[in-house]
Amino acid sequence: MEGKHSPVNKLFFICFAWLVAATLPFYSPAYVLLSITSILMYVTLTVSWTIFCGPTGYISLATATFFGIGIYCAALLGSSLPAPAVVLCGGLAGLAFGVLVGLICLRLSGFYFAVFTFGLSELVRHSVLWWEHNVSGTVGRWVTGTSITQAFYSLLVIASLSILAAYLIRRSIYGMALKAIGESEEAAEHAGINVVVYRIAFFAISSFFMGMAGAAMAAKFTYIDPNSAFNPLISFTPVLMSLFGGIERDYGPILGAFILTFISEVLLSRFPYFYTLIYGIIFVVVILFMPRGLAGLLGSGHQHKFMDH
Amino acid sequence: MAFLEGVKVTKRFGGLAAILDLSFKIDQGGIIGLIGPNGAGKTTLLNLISGSLTPTTGEILFKGKRISGLRPHQICKKGIARTFQSVKLFGNITVSENILLGSVYGKPRGLSRTNHSTETSDLLKFLGLAGKRDVLAKDLNIVEQKFVELARALATKPDLLLLDELIAGLNPSETSLACDKIKEIKKKGITIFMVEHVMGVIMSLSDRVIVLNHGEKIADGTPEEISRDRKVIETYLGEDSEC
Ligand SMILES: Nc1ncnc2c1ncn2[C@@H]1O[C@H](COP(=O)(O)OP(=O)(O)OP(=O)(O)O)[C@@H](O)[C@H]1O
Ligand SMILES: [Mg+2]
């Protein structure tokens, strides 16, 4: 079912890509490194989004919350802790908040889940705004402690880990159980699956990666405020990217994140005024004409089968 | 100690008592039929036993331990499996994956992955689904889907199997096939508690029949006793001449 690509070739390709990426800071100009860093950030957000939302089909629009929490962790802790510890703290904060959101949304699925998670993430953004304004008395915060090279390496590691996690979960019995939950929570419960624990655990795992991505990415922003850290657009982008790439294949979300981030960087520099318009058109075209994304167009469209492994 | 016991179980939906002060005892082994007119509370009773619903008052005991209040996945792991009146499959995964999930997440037996796969294959063969193993469940016809649901329930290795109108909608040859399978399941030592409207099937398969009407038990006995019971004839058999 893997077509022409043997596992050895695949492994070779992955090692090669990793090697190229890992040596990038030594020979690439700063602006390329910056672009690649944001591509890695979107890869992380998209891939981790698909960990829970791919198999269940529940569309979470709370990505910005976990990402923003990671950013704020970096802003608060950046000057007192070493970078890896800051990133880990961002991830753990994302994880903890993921458990909370998972608990709150436990009874919801489908459309209600999407709307409610979006509402929650807006609530968080406004709460942080209110807090900063009324309690801390600041508008924004400076992020200190890291360089862009460090951000790049952090995100390379986080993106790789999230891809690995998504890959393993998808091929495990857990991935199948999540699919079952998406199809019928009631039947899944009666087949012995602990739906509550699974929903919360895998939602929190994806939030963990989102939080780490935020903490690692904070360095790129240098100055943050609640509106940029909890930017609602961040909640929609992973949905668009994984739909664009196609969620039926492992590489779909990665491809989607790569291409769309690249396109949006180009658009942003060439057509700053039409940027969102063009982006919107892509969104509509994807929904209308590519229901299974790029991977659906490229591959035979065969679903991943658990029993093959 | 009864295998399955209900103690003064009541389930209210708003003002309506779908199950009213119902006490029952079921011994291990054999087939128990549950019949009653539409809306009698049969599905509600299965929902109460399998944990979809919790009793408003009263309690349900399985092997002497209280199970009412537990979540469905916990009850499944204790050895109670069920099928649904309207089939509930995992449509976008394959037939064998549907069954494998039941095997992995059902009653814990410390099996390896290979054992679960073998068990899945055996169940596919048992229910004549071997040719469909890699088909997405949603692409099956409704009869095949019912068999997959039965297979998934059996995969959890239940001691008690709850069937909610498995036969409904099957043609005569499918019905007799299903009846043969039910008898074979009984031979494996699994206790079967089945809801069915087809009286011929219930009367021939069951060792004991319980009749519900408006959430209350109006009769309980062997098929012969039930078919002679005045109350049952008046409320149920009289208006329903399927047998
Ligand atoms: N979740 C629910 N909420 C409200 N009322 C319910 C619910 N489930 C069942 N009822 C009501 O409880 C009564 C019993 O329903 P139940 O489905 O148990 O009947 P049944 O014996 O299975 O009928 P049928 O033969 O039609 O399947 C009906 O009046 C039904 O409308
Ligand atoms: Mg019913």
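The structure is a predicted model.

The ligand site comes first. Ligand 1 has 14 residues around it, and the ones that come nearest are Gly39(B), Lys42(B), Thr43(B), Thr44(B) and Gln85(B). Sorted by class, this shell holds five nonpolar, seven polar and two charged residues. Two elements of chain B, strand 2 (16–26) and helix 1 (42–50), each bring at least two residues to the shell. Helix 1 of chain B is the top contributor here, giving three residues.

On the backbone side, a polar atom of Ala40(B) sits 3.2 Å from an oxygen atom of ligand 1. Gly41(B) also takes part through its backbone, with an N or O atom 2.9 Å from a ligand 1 oxygen. His197(B), on the other hand, uses its side chain: one of its polar side-chain atoms is 2.9 Å from an oxygen atom of ligand 1. As for how covered the ligand ends up, ligand 1 on its own exposes 630 Å², and the protein buries 61% of that.

Next up is the place where the two chains meet. On one side are 32 residues of chain B, and they are in contact with 24 residues of chain A. Together the two chains bury about 2,300 Å², with 63% of that area on carbon and sulfur atoms.

Between chain B and chain A, ten residue pairs are in polar contact, and two salt bridges cross the interface. One salt bridge joins Glu186(A) to Lys88(B), where the closest N and O atoms are 3.2 Å apart. Helix 3 of chain B gives the most, with seven residues. By class, this side of chain B has eleven nonpolar, twelve polar and nine charged residues.

Counting over all chains, the model has 19 salt bridges. Within chain A, the side chains of Arg171(A) and Asp250(A) form a salt bridge, with 2.8 Å from N to O. This pair ties together distant parts of the chain, as the two residues are 79 residues apart. Arg171(A) belongs to helix 6 (residues 148–171) of chain A, while Asp250(A) is in the loop between helix 11 (233–245) and helix 12 (251–270).

Last come the backbone angles. Most residues other than glycine have a negative phi. Against that background, where in chain B is Lys8(B)? Lys8(B) is part of strand 1 (residues 4–13) of chain B, and its phi is positive, near 45°. Asp21(B) is not a glycine either, yet its phi is also positive, at about 50°. Asp21(B) is located in strand 2 of chain B, an element that also supplies at least two residues of the shell around ligand 1.

Technical notes: Residues numbered from 1 in each chain as written. Chains lettered and ligands numbered in written order. Predicted model: local features only at pLDDT ≥ 70, side-chain atom pairs only at ≥ 80, totals over all residues. Heavy atoms only, no water. Near = heavy atom within 4 Å. Polar contact = N/O pair within 3.5 Å; in protein donor to acceptor, adjacent residues only side chain to side chain. Areas by Shrake-Rupley, 256 points an atom, 1.4 Å probe, with all protein chains shown as cover. Helix = DSSP H or I, 4+ residues; strand = E, 2+ residues; numbered from the N terminus. Nonpolar A, V, L, I, M, F, W, Y, C, P; charged D, E, K, R; others polar. Contact = heavy atoms within 4.5 Å. Buried area = accessible area lost by both parts, 1.4 Å probe. Salt bridge = Lys/Arg side-chain N within 4 Å of Asp/Glu carboxyl O.
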